[in-house]
Amino acid sequence: MTGQVEGWVSRGLLPAEDGAALAEGARREWIPAAEAARRLSGLPEETTTAAAAEALGIPFAASLEGVIAPEEFFAKAPPEYARQAGVVACEMEAERMRAAAALGPDLAALMAELPTLFGRRVDWTLAPRAEIERAVDRSVRQRPEYLEHAAGELGSEEEFGEAPAQIERVTDFAELMRKTPVVKMVSLLVAQAVRTGSSDIHFQPAGDRLRVRYRTDGILHDVLDLPRSAQDAILSRVKVLGKMDIAERRAPQDGRATFRYADREIDVRMSVVPTDEGERAVLRLFDKEAKLLRLEEVGLDRRNLAEFDRLINFSHGMILATGPTGSGKTTTLYAALMRINSPEMNILTIEDPVEYKLPGISQIQVLAKKNVTFGSMLRSVVRQDPDIIMIGEIRDEETAGIAVQSALTGHLVLSTLHTNDSAGAIARLLDLEVEPFLISSALLAVLAQRLVRRVCPDCAAPDRVTAADLAMLGLPSDAGATGGLRKGQGCERCLRTGYRGRQGIFELLVMDEAVRPLVNRRASSVEIREEAVKRGLTLLRADGAAKALAGVTTVEEVLRVTQREDA
């Protein structure tokens, strides 16, 4: 131990003045030297974990990507225990297993306990705790036995009558799991949704059952059927978390709560509405710690990326992102803001809600109940000397008018609209009483987009597509033989769907000398679109077809999300 500390001091990893304190602390309590060093000097965990692995003579893994723990491991080490202890099995054989562990004061005890628990020799690897937690979450992703076990604990209808009175306003998952069965069920469902990257949880009464569904990668999946007797208790729990009125069952209610899960902050918006079969609820999840995409990662092809990058560096003008709800518009605008953000820029956003925190950018939450609307807040924001303004959505005439005026008076304005394609955004602005000459002067471009599911790389195989489907995408009938069309066969890592993750498909309509005269004379969306296509506009379906040929997504998926397009 002493020699290891001296080595770290000599290499500059540990301040010399901390050496004595480190040695003293280790004498009083068994703490791996690297863990003690991290506590004393704030070194990165990866650095100290690697040093500890070297000192102990065992391997170090900076990443556990692709590790799926065998089900046998969780039979004796449940997911909650594995996450807390910081351990996961990478492989298990008849007489030996390979396991990864995180540094911590209980590491020695864990290394002694695991071989006895499993009756096998253990080959150890050290890894960062975050990597181990991700491996545990990945391993238990939507395995129904954990949810079904919790459902079995819910008990009788009489017990549910008592449950609402026992519920406390607790929003820490570690504590929730120790509460009443109904509290445990709701917490487990939210935790599982976070693990699987789901955006929504639906509680829907259906006959004698309460149906639970997740929206993952934009598609709803059945997760669990609970007894109908669970409905009142589950809905009461949701209402308490969202600070709603438990006694009110005949009127719609909205609420929100913030959870902490694995050191991540999850914002949940809740909606409860009455139906003919009782109340139903939808919970929308926002992971505030989620990684923000860079502009290169949203799915723009090389040409559109270069053009969009040029446009967002203009000093003034308006750029609109269009598409239906959940098509990734805000994610694209966030990526654009992160691209152009700098200390020289004053950037403000007005959002409903603020979905993710952007470093160095002032973000404002719309509060309709307090009359803090997009329009009223935009009037104040323009007096904050902004260089760039991002408006979550242009919903009304007031917001549209102020946004256009701001774009004309020296500000770069980014916002979203709900239209089916890029040309439709111009018609929508006209509907909002914006004069044509103002649109043609202020608008720089419209970026229409959809999200398509990506083919799972672990189970992808060549795809056979009918000539009719290929024709609908504008592809030749031999594209299936000569292109790179692929389709996922379904595996554990993609939840048997054949898809994992999503990517955008885009069409970028730039206002130029050919389009502006059409706007000024109030030409139809069809005319504007046809002229833009002549000048090189790639339509949504054509961009999707290119991504299908590249094996990124499937022909079926592109047709699904562009079914309203007349490509």
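Analyst: **Helix 18 and its surroundings**

At the start of helix 18, a side-chain oxygen of D421 comes to within 2.8 Å of the backbone nitrogen of G424. Helices are DSSP runs of H or I with at least four residues, numbered from the N terminus. The model is predicted, so local features need pLDDT of at least 70 and side-chain atom pairs count only at pLDDT 80 or more, while totals for chains, interfaces and linings use all residues. Residues are numbered from 1 along each chain as its sequence is written, and side-chain values use heavy atoms, leaving out hydrogens and water.

Helix 18 covers residues 422–431, and because seven of its 10 residues are buried, the rest of the structure largely encloses it. Buried denotes under 20% relative accessible area, with a 1.4 Å probe and protein chains only. The buried residues are S422, A423, G424, A425, I426, L429 and L430.

S422 belongs to this helix and counts as buried, at 1% relative accessibility. Its side chain forms a polar contact of 2.6 Å with that of E507; such a contact is a pair of N or O atoms within 3.5 Å, in which, within protein, one must be able to donate a hydrogen and the other to accept it, and residues adjacent in sequence count only if both atoms are side-chain atoms. Leaving aside neighbours within four places in sequence, S422 is in contact (heavy atoms within 4.5 Å) with T322, V446, A448, E507, L509 and L537.

With the same exclusion, I439 is in contact with residues including I426, L429 and L430. Just after helix 18, E433 adopts a positive phi of about 65°.

Methods. Buried means under 20% relative accessible area, exposed over 50%, partly exposed in between (1.4 Å probe, protein chains only). Helices (H or I, at least four residues) and strands (E, at least two) are DSSP runs, numbered from the N terminus.
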